[in-house]
Protein chains: 2
Amino acid sequence: MTELPKAAVDRLIRRAGAERVASDAVDALIDILEDVATDISSQANRIARHSNRKTVTADDIKIASR
Amino acid sequence: MTELPKAAVDRLIRRAGAERVASDAVDALIDILEDVATDISSQANRIARHSNRKTVTADDIKIASR
């Protein structure tokens with residue numbers, strides 16, 4: 001199940017200069033963004049636990065995204 | 001202005017295993033995801049225009065994300 005709303009992702013594509021956007025283009029970008037979010041979040045969670053914290057912080061996310 | 005809703009991104013982080021999530025961690029991940037979305041969308045738009053199309057397609061997004 002996806003979490004990110006189509007309307008928001010459609011706006012991000014248009015804001016980058018697209019004149020028209022196919023519906024399946026929005027779905028494709030949602031899949032990619034959710035994969036990126038899952039990869040970064042899993043790594044951030046590992047970093048937090050390695051520091052004996054239960055809370056994932058902004059710094060964990062930033063380090064995980066490098 | 002950001003487009004992606006905090007609640008959805010919070011759920012993606014929790015789904016990856018986080019027990020607790022700082023509010024600024026959600027903001028940090030939103031910023032990263034919107035940067036990724038903009039980079040991919042700009043490249044996808046270039047690919048579409050290079051093919052003399054005004055519509056960005058799913059394949060444009062997929063190729064742009066590689």
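Visitor: Why is B:Ile30 called buried?
Guide: Its relative accessible area is 4%. Buried means under 20%, exposed means over 50% and partly exposed is in between, with a 1.4 Å probe and protein chains only, so B:Ile30 is buried. This is a predicted model, in which local features need pLDDT of at least 70 and side-chain atom pairs count only at pLDDT 80 or more, while totals for chains, interfaces and linings use all residues. Residues are numbered from 1 along each chain as its sequence is written, chains are lettered from A and ligands numbered from 1 in the order in which they are written, and side-chain values use heavy atoms, with hydrogens and water left out.

Visitor: What does B:Ile30 touch, not counting residues up to four places away in sequence?
Guide: With contact defined as heavy atoms within 4.5 Å, the partners of B:Ile30 beyond four places in sequence are B:Thr2, B:Leu4, B:Pro5, B:Lys6 and B:Val9. B:Ile30 itself belongs to helix H2 of chain B; helices (H or I, at least four residues) and strands (E, at least two) are DSSP runs, numbered from the N terminus. The C-alpha atom of B:Ile30 is 9.9 Å from that of B:Ala8, a residue 22 places apart from it along the chain.

Visitor: Which residues of H1(B) are buried, and what do they pack against?
Guide: The buried residues are B:Ala8, B:Val9, B:Asp10, B:Leu12 and B:Ile13. They pack against H2 and H3 of chain A, and also against strand S1 (20–21) and H2 of chain B. After H1(B) comes B:Gly17, with a positive phi near 115 degrees.

Visitor: What makes up the largest nonpolar core?
Guide: A nonpolar core is a set of buried Ala, Val, Leu, Ile, Met, Phe, Trp, Tyr and Cys residues joined through side-chain atoms within 4.5 Å. By that rule the largest one holds 48 residues, and those with the most contacts inside it are A:Leu4, A:Val9, A:Ile61, B:Leu4, B:Val9 and B:Ile61. Helices H1 (6–15), H2 (23–50) and H3 (58–64) of chain A, together with H1 (6–15), H2 (23–50) and H3 (58–64) of chain B, are the elements that give two or more residues to this core. B:Ile61 has partners in both chains: A:Ile13, A:Ala25, A:Ala28, A:Leu29, A:Ile32, B:Ile40, B:Ala44 and B:Val56, not counting residues up to four places away in sequence.

Visitor: How do you know how the two copies are related?
Guide: Chain A is superposed on chain B by a rotation of 180 degrees with a shift of 0.0 Å along its axis, at an RMSD of 0.0 Å. The copies are therefore related as by a two-fold rotation axis. The C-alpha nearest the axis in chain A is that of A:Leu33, at 3.2 Å. The superposition is by least squares on C-alpha atoms of residues with pLDDT of at least 70 in both copies.

Visitor: How much area do chain A and chain B bury between them?
Guide: About 3500 Å², with 64% of it on carbon and sulfur atoms. Buried area is the accessible area (1.4 Å probe) that two parts lose on being put together, summed over both. The contact takes 40 residues from chain A and 40 residues from chain B.

Visitor: Why is the pair A:Glu3 and B:Arg11 called a salt bridge?
Guide: The N to O distance between the side chains is 2.5 Å. The rule asks for a side-chain nitrogen of Lys or Arg within 4 Å of a carboxyl oxygen of Asp or Glu, so the pair qualifies. B:Arg11 is partly exposed at 41%, whereas A:Glu3 is buried at 11%. A:Glu3, B:Arg11 and B:Arg15 are linked in a network of salt bridges.

Visitor: What is the N to O distance in the salt bridge of B:Lys54 and A:Glu19?
Guide: That distance is 3.9 Å. The pair runs from the loop between H2 and strand S2 (55–56) of chain B to the loop between H1 and S1 of chain A. A:Glu19 is partly exposed, at 42% relative accessibility.

Visitor: Is A:Asp60 buried or exposed?
Guide: A:Asp60 has 2% relative accessibility and therefore counts as buried. It lies in helix H3 of chain A and touches A:Ala44, A:Ile47, A:Ala48, A:Arg53 and A:Thr55, not counting residues up to four places away in sequence.
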